[in-house]
Amino acid sequence: MARTLNIMADVMSEVDTVVETQLKSLLVRIARSLIDLSPLGIHADAPNGRYATGAYIASHEVSILGNPSTGQGISSKGRKPQSVPHDGGSGMINKIKNATKEQLMYVRFSNNSPHADIVETGGPNWRRRKGYHVYKRTADRFGVQQ
Amino acid sequence: MPSHRKEIRKTLETALAGISGIPDIIFENSTKDPTKGVPHIISQVMFTGREPAVRGTNPQQRYDGILRLELKVPEGKGTAQADTLVDLILDAMDATTDFVGTNIVVRTDESYANDGVMVGGWYSVPISVIWYAYKT
């Protein structure tokens, strides 16, 4: 009996490792989808027409168990976040790769930048009122809840 | 171990700028403004990892990242121009292409474009080039 239990423990350990690897792979693909679909330059009807590059993509965050989202975002007007720096596009992938299996039991992606809603669905000053639908398209792509 | 971020960025941006037939590129932290109605590309080099490539003492560092591009062509004029430009970029930065810098090689892992979006007078097509780099 002891021999059988040891084999099962080994098998379960292998299964755990495979599950963790696959879960991380999926989460990295979700993070990458958010990065892929994010606009690099928010300009719309900015007075000088200049791009506010990177503010939206830098405001993506991934919350995992024990490491919650800060709820802050970077403004393209140069205001700094008031608490812990959030993940940014690249930081999400690092956080996922370094997380433990237990921490990945709860995962939430978010963007709390001041213009997150406008980027998602368009704003009153955007011609044709189209948005980028970054989170909706990612949710649809992976069949996850928004 | 010295960091090679600057050289990696230079290698990728040089490779991008060297693609024949693509419009002007607006690189990061640039004061260059887009011209209304003139196609252009916004570029951002993202670094997603820097970790030892092997175990042991003095391991070489492996860098991972994404070259994020956004191609912008005038809104409402169809997709042909954007598709042609996207093809040029993806062909030049196809998977397993090596870009050689000073003491660094940047290799592309994947390159792909996502759906275009009409926003603010532009038809914007996001492009991602997944890369990794080793010091030579």
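Before the structure itself, one cut-off: a residue counts as buried under 20% relative accessible area, as exposed over 50%, and as partly exposed in between. That settles the first residue I want to show. B:L88 has a relative accessible area of 32%, so this leucine is partly exposed. B:L88 sits in helix α2 of chain B.

What does B:L88 touch, leaving aside residues up to four places away in sequence? The contacts are B:I19, B:S20, B:G21 and B:I22. For one of these, B:S20, the C-alpha atom is 8.1 Å from that of B:L88, although the two residues are 68 apart along the chain.

The model is a predicted one, and it scores ipTM 0.75 and pTM 0.79. Chain B has an average pLDDT of 90, and 99% of the residues score at least 70. Where in chain B is confidence highest, and where is it lowest? Helix α2, residues 80-92, has the highest mean, 97, and strand β6, residues 117-119, has the lowest, 81.

Next, the interface. Chain B contributes 32 residues to the contact and chain A contributes 28. Between them, about 2,600 Å² is buried, and carbon and sulfur atoms give 51% of that area. On the chain B side, the residues that lose the most area to chain A are B:T48, B:R68 and B:V119, which together make up 18% of what that side buries.

As for specific pairs, two salt bridges cross the interface of chain B and chain A. A:R32 makes a salt bridge with B:E110, where the closest N and O atoms are 3.1 Å apart.

Which elements of chain B give two or more residues to the side that touches chain A? They are β2 (40-52), β3 (61-74), β5 (104-113), β6 and β7 (122-135). The most comes from β2(B), with eight residues. Sorted by class, the chain B side has 14 nonpolar, eleven polar and seven charged residues.

Last, some backbone angles. The background is that most residues other than glycine have a negative phi. Two residues here are on the positive side without being glycine. In chain A, A:H133 has a phi of about 50°. A:H133 lies in the loop between α4 (116-121) and α5 (134-142) of chain A, and its 30% relative accessibility makes it partly exposed. In chain B, B:N103 has a phi near 60°. B:N103 is in the loop between β4 (98-100) and β5. Is B:N103 buried, partly exposed or exposed? Its relative accessible area is 46%, so B:N103 is partly exposed.

Back to chain A for one more helix. In α5(A), the buried residues include A:V134, A:Y135, A:R137, A:T138 and A:A139. Just after α5(A) comes A:G143, which has a positive phi of about 65°.

To recap: B:L88 is partly exposed in the presented model, the interface buries about 2,600 Å², and two salt bridges cross between the chains.

Technical notes:
Residues are numbered from 1 along each chain as its sequence is written. Chains are lettered from A and ligands numbered from 1 in the order in which they are written. This is a predicted model: local features need pLDDT of at least 70, side-chain atom pairs count only at pLDDT 80 or more; totals for chains, interfaces and linings use all residues. Side-chain values use heavy atoms; hydrogens and water are left out. pLDDT is the predictor's confidence in each residue, from 0 to 100. Helices (H or I, at least four residues) and strands (E, at least two) are DSSP runs, numbered from the N terminus. Contact means heavy atoms within 4.5 Å. Buried area is the accessible area (1.4 Å probe) that two parts lose on being put together, summed over both. A salt bridge is a side-chain nitrogen of Lys or Arg within 4 Å of a carboxyl oxygen of Asp or Glu. Ala, Val, Leu, Ile, Met, Phe, Trp, Tyr, Cys and Pro count as nonpolar, Asp, Glu, Lys and Arg as charged, and the others, Gly among them, as polar. Buried means under 20% relative accessible area, exposed over 50%, partly exposed in between (1.4 Å probe, protein chains only).
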